[in-house]
Amino acid sequence: MAIEDESAEFPVKVLEAAERVFNILWNSDSNQDLWHWLILVVSAFIICSSVLILLIKSFGGLFENIASCIESYKSSGLPLWQNKSNKTSIKKRKQFCAVLEADLSYLAKAENWNDQYFTDLEAEVETEGGYYASALDKLRNKKSFGLRKESSLIRAITKSTERAMQLVGEPGSGKSVALRHLAKQFAERGRKSNDKNAVVPLYVNLREIELDNKEDVNADSIREFILDNIRRGDADTSAFVRDNWQDYCSRGIWLFLFDSFDEIPAVLHAETGSNVIKKYSQALRQFLEGMGECKGILASREFKGPEALPWKKLRILPLTGEKQDELILNSFLNEENMKMVRQHLASSHSSIGSTPLFLTLLCRYVRDEYKPPNNDHDILFQHIDRLSRREPEYLLRKYNLNPAELVIGAERLARLFAEDDDLSLAPSLDQIRSKLPVTEIPGDSLENLISALVDSKIGRADVPNASIGDRRFAFAHRRYQEALFVRYLTTHPEAISPSILLTENRWREYTVTLLQTREYEEFSHLLSHASFILSQCASQNKFKLCGQPPLPSNLGYYDWSDETAIQLLSLLQEGLAHRLQDIPYSLASAVLNFLKPRWEKGDSFDRNEVLRLGGLLPHDILVKYLVETFSDGTKSERLHAFKQTAFTQRLPEKEKAVVLRMLSNQIIMAKDRAELLSIEALAARLPSDMGANVVVNRSVRLRRNFGLLRKIVPNFLMVDHPSILISIFGSIFNTPSFGPKVLLRHIKDNYQNTKPKYDFSFFSFLVVFTWAVLAANLIKYQSNIILFTFVMQSILITFLIYLFLPFSFRHYGKKVKAVDVIIWLISFVKTKKIIKSFILLSTSMSLFFVFNYILGYSTMWLVHEYLPTYLDKFNVITSNSYILSGSIITISIMYIVLLAKISIYSKRKKHLNKTSLARLNHAKQQEGSDIAVIYCAENREELIYWLEYDSDLMSDVHSIRIFSSFILSILRAENSECESDVYLNPKCLSFRKTTENSKRIKINSNYSWIRQNLEDRLIKAS
């Protein structure tokens, strides 16, 4: 009972304590002056605002949790009310999903892949398109758009609003495994769930689609293939699909998971960009468009991928350090072996740990051999060799084959699949038998060879209940087939010439595998031949001079159509991405000779291509191009630059700081959540050793802190115009000569005709100023109210420092410790910045104090003289009252001026826009070309307005590219080291070279906007 009484009295005690504190503060002296009322109002405002914010967040979180619970309950298998017919259909669906789950487990077993590896690992993906940011947004049907990163594929799919998407990734990244794992997850949900609208996955491997006439593929043939392919030989399962086809399509129940588009026989042997690839792409698109609300995902390598599909992409990201650790832990290694794997990953020059396939092979190699491999690149074939030698007595007894004969047979099948245009990568046994003479089969029995390969996990057969004649064989992983064929090429270099391997798309994937998996000596002749081809391409003059009046005569851009070097550079990049130390100087020089002129003389499209294909440039040149792009590039250029950072072995600290600072600033200033997720997704492409993930996490927290401050602090305290005095005094220390003329020009340049922007400097100044005033009063007067206010203000300042001190370290690519902060503070104190900052702050506060005191005193005197009755309420008027009233009047005057300025700015802007449009219409009537029209713009601002307003201006590809080349020529002249002034027409783009950093930044930002606008127009026109 005593405990219950104490618990009941606790709230009463809290209220009594609060009342005593209030009474002490309120009755600190006999007079309830202005300070008392101010404290009361501020305290009430803070308490009410905090409660309101907490309530809003609590209700939002509550609705979010309720929505998540509803979704979880539906898929949990717990009872749901259903009528009798629905119960029957749900029961049949559960049985069907159980069969699908068993099929997927059979495939995993056939490929020697434990799904537990992938269940805990979960592929991180980068995804595009529409999505629901939360479960609450899904209920409200509120969509967001943009690039983002998701922690798992199933999370990306369930949140996406896109009906069709492509799953892409580099070879070995786990596309097929991820797709089957996704199918298994949905099948398991469908087997358990009592929801009649539960999703049912249909996993379809497209490499088995074979048509008599490749040109006749359409939506109907895709549909028939799916119906025939689902559980061949099982009439009941096929009947379920056919019986429920239309109903599930209309309700959006089916989830079509198409695998291996690039392995469709007709696509596999077709040329890049051929009509065959386009027709299969269109057939899949038309099929899915006719499936109601059903979703579809298509997995494919990007080379020979579905070019005609406008579907958004899901890209499987390389494994991060954390994901690598998860996979290693799931590989059933002992502590010593795990340590060996981690040490090998840390010391290896290759990127063997970036994909699940190769990291799994590394773990298995260490487990079986008790040592790390001597050659990471050959680990794939070493794995095949170990599989063949795992049970030699069993192979000899059952199949009359030894390990060497098994590998020779596998290599012969790999050759057959690569060389025969009529075979897919999963042909039937009858098709193989008709193509392969018995004399070339070890043991003279195809059935024995196939069974032995399946038993050894090198290959896999079709589902067991398929008819004998239709039973198919495929290698357990496509990389096995490629590795075996590449082994044949290295032992028989005369089989295919280097020129054909490098230039014919049919052999591209095998050449990439050769570069990735073999010793340097085995392909060095290929790199020499590649250098020769690139030198020939560089010698061909494909620069199109297009400079006609009024443009300078030396302007132009490069023609990339029918360019042999595009496919060659793409092939070399993919093949050598993880072995940069093997790139010979001759090859890097040939790449530089081909790409450098395009960077220095071309337009924005040329720069995009240079960045996209320039991974093998000499390291210092590549770093220079990347830093320049991060500083002033367009969106597409930056996207390619993020990708190409993988080719920088290690960025110099200065360039690394530039990239990370730019990344941090973009995250903090992102307009909305969609843009923030897009930047985070791009950051995931940076090398892990740069520390981009640390910068992203720190910047996201800073962004959240700034957002919190903006919600709490009134907007009128956060625009930049009140900080004009601080900026002016700051300029004193940054300008060599700062006389009255320079001061007036500074004010005119920076504070006239500009929109107000958010800035926390004035708010911070007021907080510090108030603290200083309170400290002075505390020394002079011993009062509880002043002491309490001073303590609260000190706590507020400490809290703000805690929230925003990381801003000084926002671009550090590592976790900041207390020692780093101390070192930074010491270095800051040693510099002149601390002296300048102290003088600036002291001077500003002193002037602000004196000005407000005089203004407050004058105001009180006027009121006392002419309105004395209003002052009778206050017994004593102190200096604090003068400062407070003066500060209120100062801020009020500032914002009256600000409102007037905004009004004047708006009216002037409308007038300028009206005049500008009149000039635009007149120029379009008088001039004969878009370029000539643009030359009529009075200044850069007017040019930007014209491009923003008139979408028909500069709408053809040629005009866009030539004007883009012109803009870049101006930027090159501005950023060159030439000391002489440069004048360029037209008037709207004329400038005088300047060394002032702020002006250069402003000029570059204007040109960057124009370049981005031109890039958007080029994409639309193309």
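A salt bridge here is a side-chain nitrogen of Lys or Arg within 4 Å of a carboxyl oxygen of Asp or Glu. By that rule, the whole structure holds 39 salt bridges. The structure is a predicted model.

## Overall build

The protein chain has 1022 residues, and 48% of them count as buried. Its fold contains 42 helices and 13 strands. Consider the contacts in the protein chain with a separation of 6 or more: 73% of them join residues 24 or more positions apart. The accessible surface of the chain comes to about 51,600 Å². Carbon and sulfur atoms supply 57% of that surface.

## Salt bridges

| Arg-191 | Glu-101 | 2.7 Å |

Take the Glu-101 and Arg-191 pair, whose side chains meet at 2.7 Å. This pair links distant parts of the chain, 90 residues apart. Glu-101 sits in helix H3 (residues 84-110), and Arg-191 sits in helix H7 (residues 175-192). Glu-101 is buried, at 12% relative accessible area. Arg-191 is partly exposed, at 32%.

Glu-447 belongs to helix H19 and Arg-433 to helix H18, so the pair ties together parts 14 residues apart in sequence. Both ends are partly exposed: Glu-447 has a relative accessible area of 39%, and Arg-433 has 35%.

The loop between these two helices, H18 (429-435) and H19 (446-455), carries Asp-444. Asp-444 counts as exposed because its relative accessibility is 55%, and the cut-off for exposed is over 50%. Beyond its neighbours within four places in sequence, Asp-444 is in contact with Val-438 and Thr-439.

Lys-542 is buried, with 18% relative accessible area. Glu-563 is buried too, with 6%.

Salt bridges also form a network. Its members are Arg-207, Asp-262, Glu-263, Arg-301, Arg-478, Arg-479, Glu-482, Arg-508, Glu-509 and Glu-574.

Strand E5 covers residues 164-168, and five of its five residues are buried.

Which strands pair with E5? Strand E8 (residues 295-299) does, in the parallel sense, over four bridges. In that pairing Leu-167 stands opposite Ala-299. Strand E9 (residues 312-316) also runs parallel to E5 and is joined to it by four bridges. There Val-168 stands opposite Arg-315.

## Cysteines

A disulfide is a covalent bond between the sulfur atoms of two cysteines. How many disulfides does a search of the whole structure find? The count is zero.

The cut-off is 2.5 Å. Cys-294 is buried, at 0% relative accessible area. Cys-537 is buried as well, at 4%.

## A nonpolar surface patch

Leu-787, Val-791, Met-792 and Ile-795 form a nonpolar patch on the surface. Together they have about 340 Å² of accessible area. One of them, Ile-795, is found in helix H35 (residues 784-804). Is Ile-795 buried or partly exposed? Ile-795 counts as partly exposed, because its relative accessibility is 49%.

Notes
Residues are numbered from 1 along each chain as its sequence is written. This is a predicted model: local features need pLDDT of at least 70, side-chain atom pairs count only at pLDDT 80 or more; totals for chains, interfaces and linings use all residues. Side-chain values use heavy atoms; hydrogens and water are left out. Patches are made of residues with over 30% relative accessible area and no salt bridge: like charges are joined within 9 Å, nonpolar side chains (Val, Leu, Ile, Met, Phe, Trp, Tyr) within 5 Å. Accessible areas come from the Shrake-Rupley method with a 1.4 Å probe; for residues, only the protein chains shown count as cover. Buried means under 20% relative accessible area, exposed over 50%, partly exposed in between (1.4 Å probe, protein chains only). Contact means heavy atoms within 4.5 Å. Two strands pair if DSSP finds at least two bridges between them.
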